[in-house]
Amino acid sequence: MQLPEDVLTPASPIRAVAVDYVDKHVIAPHSHRCAQLLYAIHGVMRVEAEGGVWVVPPTRGVWLQPDVVHQIRMCGDVHMRTVFVAPEAVPHQQLRSCVLEVKPLMRELIVAAVDADFHDQESSRNWHLTQLLLQELRLVPVLPLYLPLPHDKRLRSFCVALMRAPDSTLTLDEWAARLHMSIRTLHRLFQNETGMRLGEWRRQARLLQALEQLAGGAKVLDVALDHGYKSQSAFAAMFRRHFGMPPSAFYK
């Protein structure tokens, strides 16, 4: 089978495909020679790569550089729309993998690209569609929906444990003792490895995991308690500060 990325040309540097997946489906680790914009018009994707994790809700997309090995796990039924972009056509603003905001115009361009016949080299509509999509990629905001993972084995095991038990009541002093280092060393190493303060990373991890649970239909109160919040209102306030809207409205 010829993949869309195998038929990219300088005259037609993008291809788009549509694939639907069921809840909890996992696409095994793989990579592409081209850059890739992963977007779901429905459902949430968890994209994992060597350097970290991206959680991608509706209205967001994840931009992956060429040759990045990644796997994708579906949270809820996912209607994925993928755009492949030839390396030479990648906007210089998007030279690193990140999460992008997908505004209504970008969404409609992606949907239109799925249905376009890019084999028709004479189509002026396809040329304009390609140019407008690439232009929008230069302008879309990058969003903080990324969770970096440290390379240090001790710190990575610590992060994995926190993600598995987001409501853990263990103190940082107790974690430092388990890792056989001082609390000062733990903070210093963690920031050096991830570029984030430990408390900031932990809040980010809780919020991104909360997105996955909400996508699966979990109640807001249950999600709040599962992630160590004392009340639904406390969780909703943190969610609103981060995403600009309450969790009950996020997926609408």
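A salt bridge is a side-chain nitrogen of Lys or Arg within 4 Å of a carboxyl oxygen of Asp or Glu. Side chains of opposite charge can pair when their charged atoms come close.

This is a predicted model, in which local features need pLDDT of at least 70, side-chain atom pairs count only at pLDDT 80 or more, and totals for chains, interfaces and linings use all residues. Residues are numbered from 1 along each chain as its sequence is written, and side-chain values use heavy atoms, with hydrogens and water left out.

By the salt-bridge rule, the count is 7. Three of these pairs are listed here.

| Pair | N to O distance |
|---|---|
| Lys24 and Asp23 | 3.1 Å |
| Arg73 and Glu212 | 3.1 Å |
| Arg154 and Asp152 | 3.3 Å |

Take Arg73 and Glu212, whose side chains meet in a salt bridge. Arg73 lies in strand 6 (residues 70–85) and Glu212 in helix 6 (residues 198–215), so the pair ties together parts 139 residues apart in sequence. Helices (H or I, at least four residues) and strands (E, at least two) are DSSP runs, numbered from the N terminus.

Next comes accessibility. Buried means under 20% relative accessible area, exposed means over 50%, and partly exposed lies in between (1.4 Å probe, protein chains only). Glu212 is buried at 11%, while Arg73 is partly exposed at 30%. Lys24 is exposed at 62%.

Now the pair of Arg154 and Asp152. Arg154 is partly exposed at 37%, and Asp152 is buried at 18%. Elsewhere, salt bridges with shared partners join Arg46, Glu48, Arg73 and Glu212 into one network.
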